[in-house]
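Walk me through this structure.

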Amino acid sequence: MRKLCAAAVRLAPAIAVALAAAPSLAADLPIAIAYLRAEVDHPPVLSNLDPIPEDLGFAGAEIALEDTRTTGQFLGHAYSLTLVSVAPGGDLAAGAREALAAAQLVLVEGDAAQILAVTDMPEARGALFFNVASGAANLRSADCRANLLHTLPEDAARADALMQVLLDKQWTDLAMITGPKPEDAAFAATLRASATKFGMEIAAEKAWTFDTDLRESTMQEVPRFTQDLPDHDVLLIADPTDDFGRYVLHNTWSPRPVAGTEGMRPEAWAPVIEAWGAVQLQNRFEDHAGRNMRSRDYAAWAAVRAIGEAVTRTGSADPATLRTYMLGPDFTLDGFKGRALSFRTWNGQLRQPIAVVNDRALVTLAPLPAFLHQRNEMDSLGLDQPESACTEFAR
Amino acid sequence: MTRLSLWLSVALPLMATPAMAEEIWVTNEKDDTISVIDVATLEVTRPIPVGERPRGITFSKDFSRVYICASDSDAVQVMDPESGEILHDLPSGEDPEQFVLHPDDRHLYIANEDDAVTTVVDTETRTVVAQINVGIEPEGMGVSPDGKIVVTTSETTNMAHWIDTATNKIFANTLVDSRPRHAEFTKLTNELWVSAEIGGTVSVFDAATQGEKAKIRFEIPGVNADLIQPVGFEFTPDEKIAFVALGPSNHVAVVNAETYAVEGYILTGRRVWHMAFSADHSLLFTTNGVSGDVTVIDVASRSALKSIKVGRFPWGAALRP
């Protein structure tokens, strides 16, 4: 940060020259970005080993702002970022009005209902929102909004990435354990649908019903719990809030790999991604935030970078102009995942590879080579055009 | 490892003495070695251990020194190519990735990828002459034939930064497409070419005005556009043809440098990155990062002759005639 400030000061003469050489560029075009966060009370989980960082998401926007400002310095584009954080149960509409007063380009963190409540406000009509937190399918389908783009992949895209890997490995006999929360059931349904999409079936399922602290008895309890599952290649876990999954791994009755929200996991981003220049991004993020970069950080990073790319190429900060450019054929975003990222024109979802990882390494990056697509192989992940009921986009 | 270095220290001087054979030196990013390819036999004759994560590589004008960017050692290493011995490290700034040797044969201009600066090092006094703030993740480095201009491209800022070597100050910045990787000046036409890996293009600038003259795009039947990612490129001596490595599309494009039309594509190993010609320019050697090999291309017939297995993640390539 200090280094960057120093750079800014010393670059000043260079900017002047660049601007003189390119008079068509307006000097000091302000680009205001807001980050609107609906805070949540996270439910208690069995282990406190991996607390959820307080700056999850926003730290990604901050690092992208630093990256984008370097280009902006040379072009006379001045970016700013405002955080508006609404306490659990607080007045989200008031927070949204505050964010919209600061900026018409807004990253929004919340669940699907909260995001729709914000994008549907009368004050939000001319603004452009970026969903960085919800993987809900309805936001990309029947409940899509013209003023809402998505930089976090939908849950279905992540599930599809995992299923491509399982199918490619011919690990097709699947069993699943699902937690008791509504979000557990939703993710289980997504995995089920994705298995069907790729011609597989989850043959057996069990509900996680333990309500005791298992931490000292996992080796006794979990084998018994998984003993009556029919033989399978892989045991799927649907535990998106990270409650019990960690106690299933290596405690199963059968010696089988675990996948889903535990073990082998599909992620938008993970610290184990190091190819495609990713090490540089990981290093910058760790220097800035003092922790590893996660998927929501990546989604926020991608949103600010997408704004920066569109501003750089159009010379405009107008949300409508930027939206048109982002959805157009010339927009490409370098996402450090080996392919140029772009937005799907039918629902505003950022088209991107999905990393299938474990704690120690990248297993592979989906889409896998065997999964072809007539338009773009990345569209084999998530809601493809015919599957999306979204009508808010011109297509 | 110990046994290997012992073997090397005993065997290398013996092997190197008669070896006046023409060679291609390839840096292996994930092996911390250089693989040396004999151009006559197209075989690897020896590995040479170097610092951590070697990437950029270039020889001094008389080939008595070889400079190697050892990125994770935060140093540019200077090696005696005869003995394979590291003579000394140059102060390079953090994480040197790629560099260019000024025509004065004395000053190295180094892109410090993690640090957003270009470092100018005097190889004789072994001191840093200047550090120039550039965009995020500088990588591509080009120097004009008269030595008056050095260009650094920055991968995240998506710009070419034009540096006046007399003052070591930036005098212009030009926008290029996403993730610029490599920059080269032409001698005859006074152009600057910059490849953009994610943008999928090569931009051609008039070096006199810094104005964009052309943008070259690529299209390979049966390969998704987003996998066509231009990285390294080289011109034939008459500058009529440019060979452009296209990364994970596993092809090298043959570009007519006068009309900017793509005349063909040559299949290579996986994730083709950088390249070097043989001394007579009849052969072209490309580094293929993912398959860990080097493709030998016959320049006249524009076809691949052979794949040569080298170390893990071959990155840079340089000719030692």
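Four salt bridges are counted between chain B and chain A; a salt bridge is a side-chain nitrogen of Lys or Arg within 4 Å of a carboxyl oxygen of Asp or Glu. In one salt bridge, the side chains of Arg179(B) and Asp334(A) meet at 2.8 Å, N to O. The model is predicted: local features need pLDDT of at least 70, side-chain atom pairs count only at pLDDT 80 or more, and totals for chains, interfaces and linings use all residues. Side-chain values use heavy atoms, without hydrogens and water, residues are numbered from 1 along each chain as its sequence is written, and chains are lettered from A and ligands numbered from 1 in the order in which they are written.

Chain B puts 31 residues in contact with 34 residues of chain A (contact: heavy atoms within 4.5 Å). About 2700 Å² is buried between chain B and chain A, with 47% from carbon and sulfur atoms. Buried area is the accessible area (1.4 Å probe) that two parts lose on being put together, summed over both. Asn133(B), Ile198(B) and Asp226(B) supply 20% of what chain B buries against chain A, more than any other three residues.

Now the helices. Within chain A, H2 (residues 58-75) packs on H9 (residues 295-314) at about 15 degrees, axes 6 Å apart. H2(A) and H9(A) are therefore roughly parallel to each other (angles under 35 degrees). The contact includes Ala59(A), Ile63(A) and Leu75(A) of H2(A), and Trp301(A), Val304(A) and Arg305(A) of H9(A). Its residues divide into nine nonpolar, five polar and three charged.

Key: Axes fitted to C-alpha atoms, helices over the stretch in contact; angles between N-to-C directions. Helix = DSSP H or I, 4+ residues; strand = E, 2+ residues; numbered from the N terminus. Parallel < 35°, antiparallel > 145°, perpendicular 65-115°, else oblique. Nonpolar A, V, L, I, M, F, W, Y, C, P; charged D, E, K, R; others polar.
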